[in-house]
Protein chains: 2
Amino acid sequence: MPDPSVPQTRKAPETPAPEHSGARGVSRRTLLGTAGATGIVLGAAGASVGYAAAPAPAAPLTSLGSDRAMFHVKHQPGITDGLQARGHLIAFDLAPGAGRKEAAALLRRWSTTAERLMAGEPAPHDDTDVSRDAGPSSLTVTFGFGHSFFTRTGLEKQRPAALDPLPAFSSDHLDTSRSDGDLWVQIGANDSLVAFHALRALQKEAGGAARIRWQMNGFNRSPGATAHPMTARNLMGQIDGTRNPKPAEPDFDRRIFVPASGEPAWMANGSYAVVRRIRMLLDDWEKLSLTAQEAVVGRRKSDGAPLSGGDETTPMDLEKTDAHGEYLVPLNAHARITRPDRNGGAAMLRRPFSFHDGFDADGTPDAGLLFICWQADPLRGFVPVQRKLDRGDALSTYLRHESSGLFAVPGGAAKGEYVGQRLLEG
Amino acid sequence: MPDPSVPQTRKAPETPAPEHSGARGVSRRTLLGTAGATGIVLGAAGASVGYAAAPAPAAPLTSLGSDRAMFHVKHQPGITDGLQARGHLIAFDLAPGAGRKEAAALLRRWSTTAERLMAGEPAPHDDTDVSRDAGPSSLTVTFGFGHSFFTRTGLEKQRPAALDPLPAFSSDHLDTSRSDGDLWVQIGANDSLVAFHALRALQKEAGGAARIRWQMNGFNRSPGATAHPMTARNLMGQIDGTRNPKPAEPDFDRRIFVPASGEPAWMANGSYAVVRRIRMLLDDWEKLSLTAQEAVVGRRKSDGAPLSGGDETTPMDLEKTDAHGEYLVPLNAHARITRPDRNGGAAMLRRPFSFHDGFDADGTPDAGLLFICWQADPLRGFVPVQRKLDRGDALSTYLRHESSGLFAVPGGAAKGEYVGQRLLEG
């Protein structure tokens, strides 16, 4: 019986291509023309063959595919960009024996790879072709460093105090194997194959220098699925993120990003990410009546308006009572407790993905939120808010924090630089 | 310390809403207007609040959101419809004690739920609001019956011979806990929240009658991510599905669907689905050179053209040799072995989702294809093709069949009917 892994022709079947074959490096730009970055629709009149047999509608490149985020920017991509339909979170640990030098080479390779993929070009080595025909699809790649990274690389003196371990919270049920990590990579894109392609390319560039510690997949609404000018919904059905800080607000940068003159110097224009896998206890949550759900959150489920009235963007009136003297927004409502003006101005930018990893054996969905929040200082962002939630937030009953990570995410790399270079070559 | 699950107001906080509150049943049609089914863009000029803080572009309802598949059609939806960006496959087993009567009631509930959700309306009971603002997003729900269903319901005499267990193949590494099942539900949509919403609604409607046996999540390219009029790619980077039968072909219906006069009568206009979780051994595959990968498949990776020349749609010339007398399409190339004209006309309609469920501890991706193929008779579709592949397909080395299911999918339900009614009340 022939070995099926060897192509059977009459003679020697093939000359293996060189490992880094130039033939693999055909730029997707030649397929996209100049449309990739500009949103011009190519091929709209072309016949669509389609995978399924149905007469599929022509499939033009829309802004979903052509939208492109830039890699060389002041702040790393993936922080203030719009939510993407698909996300991957990956923590890597440096391999035994790998130190500062190997980490520097890895971040250089990763930065080159991320820049090319975000431009809709193939990976620098052995591209898998999985995203070959697609536009950049708003791909972003974001890199961060965990507490343990600095020990392993002998860079303890460069470790920011802000990376000190988070305090324990009573609602924590943390799985350490899915928490922390030396390096953290966040991938987001509006196309699942583009996102997977990036995940695989970055994993392969890690080579012998680092290996995956944990990895999680998430999703958000697809662009174009809704006409409603509202904030995103989570898997509880609630509009979530209404009170997120807005870049137009005067203190946005101060709250979210380390200043250009901040400490340590390598974190200039960077930010700190708190990453938590928050399981939603949907079976319990969905047993509540609509009224009870709204009282837990403090907002109307349909449109996110505060229970004190108005629409989603109306400021919440915490003192307002009904005819019986009852607070319209209950004292332990989630939206009351998380109000920035009740938390000493603590603010963080939440930019999550939902997750769903199937069902437990008893039919309980393993689903919830890959919570990611960004702030200039976790001790003035996530920590004080979570402390307050921990003391009596009505929503906490329906949530379980299953993993936790805290990562220092340096500023964006300048042209010719790689992410973290000021740390690793400082 | 107050019980955080009880909203704290000054008096008794709430009157629980009735279990099936009408207040939860506000139709999303009131949000979508008439645009849901017609593709008119609503709210394109509306300000988008957006979840992240970035000045998100306005998010109009595009055809991605407004496209709608019909429930009451000759063949069930989700068979010849275009590939969707997100998919859920779920197998249910009837609960102990549940029989034909409970199954009939369940299929009636499921059909009502599927029809409403596919129209962009809320679920009939306790809608979770997860897809409240979204259009139908091409949602399809498809129902099928497995071999064991007929035993559990005393309907053995109605069991089609076509549901006889598939033969064993040497490449099978089947996990029985993720194989088979009494009932099978396929959900597809172009928005992940719409798909999850449907999954959860159908699970809840199962109530005490059936419970989840296994469940898998998958994905395909997002509409608009590519301008290229080519067939879909899989996670090996290959264009896959080029030779799928097309509805315009004269024998399409005969090959894919049971005739209206076919046997058993309740399967009129139905089809049989073979469902396999096929893991791709990507670490091995990606070590091959481009030339070797193309020889394994028999087609060019870049554009899917046969190695005998032309473009993706050019018929493959199996006899063509190069200057050295070597077959251009190797004898064990996947595309040669699966050619319908080499399989006694065997044909199936493949309509898969890719999957990626993270990584094994050693960094191996748990990824591949949720292979779903449709045919009028598995013994003249999947089985003969897989038998040939099993005997020396070069691609089999890089694949592992990890689960298998075979389901009888009845024809579409007429107005006022539910799916499977002719079986369950026949």
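## Terms and model

Helices (H or I, at least four residues) and strands (E, at least two) are DSSP runs, numbered from the N terminus. This is a predicted model, in which local features need pLDDT of at least 70 and side-chain atom pairs count only at pLDDT 80 or more, while totals for chains, interfaces and linings use all residues. Residues are numbered from 1 along each chain as its sequence is written, and chains are lettered from A and ligands numbered from 1 in the order in which they are written.

## Helix α9 of chain B

Helix α9 of chain B, residues 290-297, is mostly covered, with seven of its eight residues buried; a residue is buried if 20 or more other C-beta atoms, placed from the backbone, lie within 10 Å of its own. The buried residues are L290(B), A292(B), Q293(B), E294(B), A295(B), V296(B) and V297(B), and what covers them includes α10 (334-337) of chain B. Just after α9(B) comes G298(B), which takes a positive phi of about 90°.

## The pair α4 and α6 in chain B

Helix α4 (residues 100-118) of chain B packs against helix α6 (residues 192-206) of chain B at an angle of about 155°, with their axes 9 Å apart; axes are lines fitted to C-alpha atoms, for helices over the stretch in contact, and angles run from 0 to 180 degrees between N-to-C directions. This makes α4(B) roughly antiparallel to α6(B), a term for angles over 145 degrees.

On the side of α4(B), the contact is made by L106(B), R109(B), W110(B), T113(B) and L117(B), and on the side of α6(B) by A198(B), A201(B), L202(B), E205(B) and A206(B), where two residues are in contact if their C-beta atoms, placed from the backbone, lie within 7 Å. The residues of this contact divide into seven nonpolar, one polar and two charged; Ala, Val, Leu, Ile, Met, Phe, Trp, Tyr, Cys and Pro count as nonpolar, Asp, Glu, Lys and Arg as charged, and the others, Gly among them, as polar.

## The pair α4 and α6 in chain A

In chain A, the axes of helix α4 (residues 100-118) and helix α6 (residues 192-206) come within 9 Å and cross at roughly 155°, and α4(A) and α6(A) are therefore roughly antiparallel to each other.

## The nonpolar core

The largest nonpolar core has 207 residues, and those with the most contacts inside it are A198(A), M280(A), A198(B) and M280(B); such a core is a set of buried Ala, Val, Leu, Ile, Met, Phe, Trp, Tyr and Cys residues joined through C-beta atoms within 7 Å. Leaving aside neighbours within four places in sequence, M280(B) is in contact with residues including L235(B), W285(B) and Y398(B).

Terms used: Parallel < 35°, antiparallel > 145°, perpendicular 65-115°, else oblique. Buried ≥ 20, exposed ≤ 12 C-beta atoms within 10 Å, placed from the backbone.
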